[in-house]
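Visitor: I have a chain open here and would like to go through it. Can you put it up?

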Amino acid sequence: MSQLRRRRIVLINPAFQLRLAALFMLVQILLTGIFAFGIYLFMESELTASLASAHAAYRTLGQMLMPIVLLLSACSLAVSTLCVTIFVTLLSHRIAGPLHRFKAVLDELGERRIPQHTRIRPDDQLQEISESLTRTSEQLDSDLEQLQSAAALLQAAEQRGSLEEAGPAIQQVARIAGSWSRGA
């Protein structure tokens, strides 16, 4: 038994993965900016109001900031959770959709049916796999048509009892079968 080697590839699809990471960072920077702006507005209004009021109760900066920091943190968490959930759902459709299509195509092939539709949406991920699956399906369809044609010729030759007519059909079947090889 050979031991399995761990993959050392960190980025399988660098363009997609780095773009996704950049978008997540952009969302986080935006939310942090909103949070910081909220604290600034609070501090500006609270300090101005406290200094302008002659009857203002003395409070420490920590006592003033604690409620607003907690409120803004909770709001930031809620907005961040909502944004990330929507964002991940939308982006996961670009991966889950093609995987669903690939499974359907492979299920059809497993049931000995050549699928008619193997392509995925142009802006989906996994385009290379879709193209490979399409080429594979087209090759299987072509080979199947040729084998069916050769089978019809062999049946006609058998009915007439002519071995000479069967020769080209036998060669066609042998050529198609010979063009396939088993994986290592």
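Visitor: Let's start with leucine 126: is it buried or exposed, or something in between?

Guide: Leucine 126 is partly exposed, with a relative accessible area of 22%. Buried means under 20% relative accessible area, exposed over 50%, and partly exposed in between, with a 1.4 Å probe and protein chains only. Before going on, note that this is a predicted model: local features need pLDDT of at least 70, side-chain atom pairs count only at pLDDT 80 or more, and totals for chains, interfaces and linings use all residues. Residues are numbered from 1 along each chain as its sequence is written, and side-chain values use heavy atoms, with hydrogens and water left out.

Visitor: Where does leucine 126 sit?

Guide: Leucine 126 is in the loop between H2 and H3. Helices here are DSSP runs (H or I, at least four residues), as are strands (E, at least two), numbered from the N terminus.

Visitor: What is the phi of leucine 126?

Guide: Near 70°, a positive value in a residue other than glycine. Most residues other than glycine have a negative phi.

Visitor: What about the phi of arginine 112?

Guide: For arginine 112, phi is near 60°, again positive in a residue other than glycine. Arginine 112 also lies in the loop between H2 and H3. At 80% relative accessibility, arginine 112 counts as exposed.

Visitor: Back up a bit. How many helices and strands are there?

Guide: Four helices and zero strands. Along the sequence the pattern reads α-α-α-α.

Visitor: And what share of the chain is buried?

Guide: Buried residues are 18% of the 184 residues in the chain.

Visitor: Salt bridges next. How many does the structure hold?

Guide: The structure holds six. The criterion is a side-chain nitrogen of Lys or Arg within 4 Å of a carboxyl oxygen of Asp or Glu. One of them joins aspartate 124 and arginine 94, at 3.1 Å from N to O. Aspartate 124 lies in the loop between helix H2 (61–110) and H3 while arginine 94 is in helix H2, so this pair ties together parts 30 residues apart in sequence.

Visitor: How accessible are aspartate 124 and arginine 94?

Guide: Aspartate 124 is buried, at a relative accessible area of 5%. Arginine 94 counts as partly exposed, at 26% relative accessibility.

Visitor: What does arginine 121 form with aspartate 124?

Guide: A salt bridge, with the closest N and O atoms of arginine 121 and aspartate 124 2.9 Å apart. Arginine 121 is partly exposed at 40% relative accessibility.

Visitor: Which residue meets glutamate 165 in a salt bridge?

Guide: Arginine 160, at 2.5 Å from N to O. Glutamate 165 is partly exposed, with a relative accessible area of 36%, whereas arginine 160 counts as exposed at 55%. Elsewhere, salt bridges that share partners join Arg94, Arg121, Asp123 and Asp124 into one network.

Visitor: Changing topic: what lines the largest pocket?

Guide: Leu109, Arg112, Arg113, Ile114, Leu140, Asp143, Leu144, Leu147, Ile176 and Trp180. A pocket is found on a 1 Å grid over the protein atoms alone: an open set of points where a 1.4 Å probe fits, with protein on both sides within 12 Å along at least five of seven lines, and lining residues have an atom within 4 Å of a point.

Visitor: Which helix gives the most to that lining?

Guide: Helix H3 (residues 127–160), with four residues.

Visitor: How much space lies in the largest pocket?

Guide: About 230 Å³. That volume is the space filled by probe spheres set on the grid points, which are joined across faces, edges and corners.
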